[in-house]
Amino acid sequence: MKSKGPKTADQQWFRRVYETTPYQKLHWFSPKPHPYLAKALREGVFEAKARVLDVGCGAGTTALYLARRGFRVSAVDFAEGAVRAAMERARRARVSVDFRVADATHLPYRREEFQGVVDEGCFHSIPPSLRSRYGREMARILRAGGRFLLAWAGAESTAVPNGPHLLSLCDVLTTFESRFLFRRTEFAEREWGPLSMYHAVLERRPNTR
Ligand SMILES: C[S@@+](CC[C@H](N)C(=O)[O-])C[C@H]1O[C@@H](n2cnc3c(N)ncnc32)[C@H](O)[C@@H]1O
């Protein structure tokens, strides 16, 4: 399938965007957590006080929300401006999150360090050539049985300029199925403006590399 979105220099593109645009004006920014996340937490997707990573955290809305709910939260983004904004919001909200500038395909964490991971719009920004590396990295840092909440823009979306790669279910299965069980997959039409979003709950399989 032909992927849409920035194909080269993605990191430079995101870095520049956060340096030149107030985060509140970015089309993916939401001051409130996404409703499906609240629903997943109500359903007990993560155990109380679990150690959870928000990968591609942007300005930190999800990380702050998780920390307020008692989870032990780490959060990474490879754009320094995003992490700066998120740290400032956490400081103002008096919420504790371990924020770091890091690449999702090469994370500064030990094997099986987390019981949960949340990705809202990071994986669909990853260039196709790095997807399998990203999948390996998520499996490395998650414990067996750990949950991975993944939200991505589906191929059913209308393409937007400089938008994400629009991924078919098959693209996502190809990346994760060998290491993760797909517990649930939901589709929300035109949820983020022109983007139709999938939300999935994946579970780390035991005994895979
Ligand atoms: C569409 S935004 C979503 C941000 C945030 N999750 C939210 O929902 O507001 C995607 C984010 O992922 C970050 N990102 C993309 N590729 C990344 C990578 N390889 N490593 C770390 N962060 C990445 C971008 O800098 C950007 O902040």
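**Overall fold and ligand shell**

Modeller: A compact globule of 209 residues would have a radius of gyration near 17 Å, and the chain agrees with its 16 Å, where the radius is taken over C-alpha atoms and the globule rule is 2.2 Å times the number of residues to the power 0.38. This is a predicted model, in which local features need pLDDT of at least 70 and side-chain atom pairs count only at pLDDT 80 or more, while totals for chains, interfaces and linings use all residues. Residues are numbered from 1 along each chain as its sequence is written.

Biologist: How many helices and strands are in the chain?
Modeller: The chain has six helices and seven strands, taken as DSSP runs (helices H or I, at least four residues; strands E, at least two) and numbered from the N terminus.

Biologist: Switching to the ligand, which residues are closest?
Modeller: The closest are Phe 14, Gly 56, Gly 58, Ala 104 and Gly 121, among 20 residues that surround the ligand, a residue being near if its C-beta atom, placed from the backbone, lies within 6 Å.

Biologist: Where does Arg 94 sit?
Modeller: Arg 94 is in the loop between α4 (80–93) and β3 (98–101), and its phi is near 55°, a positive value in a residue other than glycine.

Biologist: Is Arg 94 buried or exposed?
Modeller: Arg 94 is exposed, because 7 other C-beta atoms lie within 10 Å; the cut-offs are 12 or fewer for exposed and 20 or more for buried, with partly exposed in between and C-beta atoms placed from the backbone.
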